[in-house]
Amino acid sequence: MKRTIITGGNSGIGYQAAKQLVQKGWQVTLFCRNERRAKEACRKITEETGSGQVDYKLADLADIRSVRQAAAAYLEQNRSLDVLINNAADFDLSVKKRVLTRDGLEKQFATNVLAPYLLSELLLPALEESSDGRILNISSKGLIMYPRISLDFDNLNGEKSYSPSKTYYQNKLALLMLSLYQREQYPKVSVQAVRVTNVKLDISRYPNLTPVMKAVYRLKSRFSIPAEKMAEVYTALASEAGFDGFLYDEHCKEVKANRSAYNKTEQERLYRLLGELARR
Ligand SMILES: NC(=O)c1ccc[n+]([C@@H]2O[C@H](COP(=O)([O-])OP(=O)(O)OC[C@H]3O[C@@H](n4cnc5c(N)ncnc54)[C@H](OP(=O)(O)O)[C@@H]3O)[C@@H](O)[C@H]2O)c1
């Protein structure tokens with residue numbers, strides 16, 4: 001039986017991908033920060049698929065110690081892993097000031113970039129033991145609105161300025177750079193990225209948004225695809241053969257990343273920095 005970990009699998013696209021992979025007969029472990037939401041997701045997946053091949057580990061991805069504990073608890077229980085899906089992300093437009101984690105890191109960067117890096121490193125030995133180990137890192141189509149974006153190494157921790165959306169796109173670019181670097185660093189594992197398009201959001205998850213922002217989200221949702229549809233791309237890249245490219249869109253078609261993502265010197269700089277930060 002194939003095994004996968006999906007971070008943030010208790011809602012949205014991650015939840016739908018978990019359900020689809022359980023339906024295919026996979027064992028799925030959700031890495032979630034909230035026990036009530038994790039249990040509820042497992043209960044619903046079990047009820048909707050008729051399979052109990054889903055469980056969870058508690059992991060606050062914004063907390064290095066929690067990430068390490070969750071990875072260790074998973075390996076102790078399961079030992080093997082075929083696919084790691086770094087799906088969870090922190091993006092809340094109502095947060096106006098940067099939040100620092102207990103490790104002294106800006107919370108979005110810790111969740112969206114450092115945690116995928118650290119999970120990949122901690123779980124790499126298990127993925128390498130699989131006959132077909134894979135890592136999927138989840139990025140955003142919104143990056144096409146910033147064709148000239150480059151990673152601002154001087155503001156990774158929000159020390160110069162902070163806005164939740166600028167930080168989010170910097171994080172998603174960093175994740176693409178990390179993924180490209182991992183493709184060279186991890187020869188025994190395939191690393192791919194997904195360019196998620198506009199997907200229907202559960203707005204009740206963001207109670208602090210202003211009425212205007214809620215209205216914008218409602219308007220956006222008219223032009224968005226259901227989470228199930230986007231999850232089909234995760235499921236295909238996790239479980240099917242024939243995807244040898246790097247970045248895939250909502251049609252499972254290979255697309256180009258932003259130009260700056262391919263800068264090897266910057267990729268290496270980021271990878272080394274993440275290694276230093278993860279040692280905190
Ligand atoms: N929806 C879109 O239109 C869209 C567009 C482009 C890219 N994406 C990307 O697609 C992926 C999935 O998005 P989605 O729309 O399905 O989002 P979602 O429904 O908001 O799910 C996000 C998940 O991440 C989890 N999470 C956030 N911070 C966490 C932390 N510190 N520790 C553990 N888990 C944490 C959330 O857990 P809680 O339930 O505990 O909050 C939730 O399960 C993300 O990478 C997102 O950036 C989405």
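Colleague: Where is the place of Arg205 in this chain?

Modeller: Arg205 sits in the loop that runs between β6 (190-196) and α6 (211-221). Keep in mind that this is a predicted model.

Colleague: Is Arg205 buried or exposed, or something in between?

Modeller: The way to read that is through relative accessible area: under 20% is buried, over 50% is exposed, and partly exposed is in between. Arg205 has 37%, so it goes down as partly exposed.

Colleague: Let's go on to salt bridges. How do I read one, and how many does a search of the whole structure find?

Modeller: You look for a side-chain nitrogen of Lys or Arg within 4 Å of a carboxyl oxygen of Asp or Glu. Searching the whole structure that way gives 11 salt bridges.

Colleague: Take Lys19. What does Lys19 form a salt bridge with?

Modeller: Its partner is Glu48, and the closest N and O atoms are 2.7 Å apart. Lys19 belongs to helix α1 (residues 12-23) and Glu48 to helix α2 (residues 35-49), so the pair ties together parts that are 29 residues apart in sequence. Lys19 is buried, at 17% relative accessible area, while Glu48 is partly exposed, at 38%.

Colleague: And what about Asp63, which residue does Asp63 form a salt bridge with?

Modeller: That one is Arg102, with 3.5 Å between the closest N and O atoms. Here both partners are in loops: Asp63 lies between β3 (54-58) and α3 (64-78), Arg102 between β4 (83-86) and α4 (107-129), so the pair ties together parts that are 39 residues apart in sequence. Asp63 is buried, with a relative accessible area of 10%, whereas Arg102 is exposed, with 56%.

Colleague: How far apart are the closest N and O atoms in the salt bridge of Asp90 with Lys107?

Modeller: They are 2.7 Å apart. This pair links distant parts of the chain, with Asp90 in the loop between β4 and α4 and Lys107 in helix α4, 17 residues apart. Asp90 is buried at 13% relative accessible area, and Lys107 is partly exposed at 27%. Apart from that pair, salt bridges that share partners join Glu40, Arg43 and Glu47 into one network.

Colleague: Let me step back to the overall fold. How many helices and strands are there in the protein?

Modeller: Eight helices and eight strands.

Colleague: What radius of gyration does the protein have, and what would a compact globule with 280 residues have?

Modeller: The idea is to set the value against what a compact globule of that length would give. For 280 residues that would be near 19 Å, and the protein has 18 Å, which agrees. The C-alpha atoms fill a box of roughly 45 × 40 × 40 Å along the principal axes, and 56% of the 280 residues count as buried.

Colleague: Back to the surface, then. Which residues form a nonpolar patch?

Modeller: Ile144, Met145 and Tyr146 do, and together they have about 310 Å² of accessible area. Tyr146 is in the loop between β5 (134-140) and α5 (164-185), and at 33% relative accessible area Tyr146 is partly exposed.

Colleague: Where does Gly142 lie, and is Gly142 buried or exposed?

Modeller: Gly142 also lies in the loop between β5 and α5. Gly142 is buried, with a relative accessible area of 15%.

Notes. Residues are numbered from 1 along each chain as its sequence is written. This is a predicted model: local features need pLDDT of at least 70, side-chain atom pairs count only at pLDDT 80 or more; totals for chains, interfaces and linings use all residues. Side-chain values use heavy atoms; hydrogens and water are left out. Helices (H or I, at least four residues) and strands (E, at least two) are DSSP runs, numbered from the N terminus. Buried means under 20% relative accessible area, exposed over 50%, partly exposed in between (1.4 Å probe, protein chains only). The radius of gyration is taken over C-alpha atoms; the globule rule is 2.2 Å times the number of residues to the power 0.38. Patches are made of residues with over 30% relative accessible area and no salt bridge: like charges are joined within 9 Å, nonpolar side chains (Val, Leu, Ile, Met, Phe, Trp, Tyr) within 5 Å. Accessible areas come from the Shrake-Rupley method with a 1.4 Å probe; for residues, only the protein chains shown count as cover.
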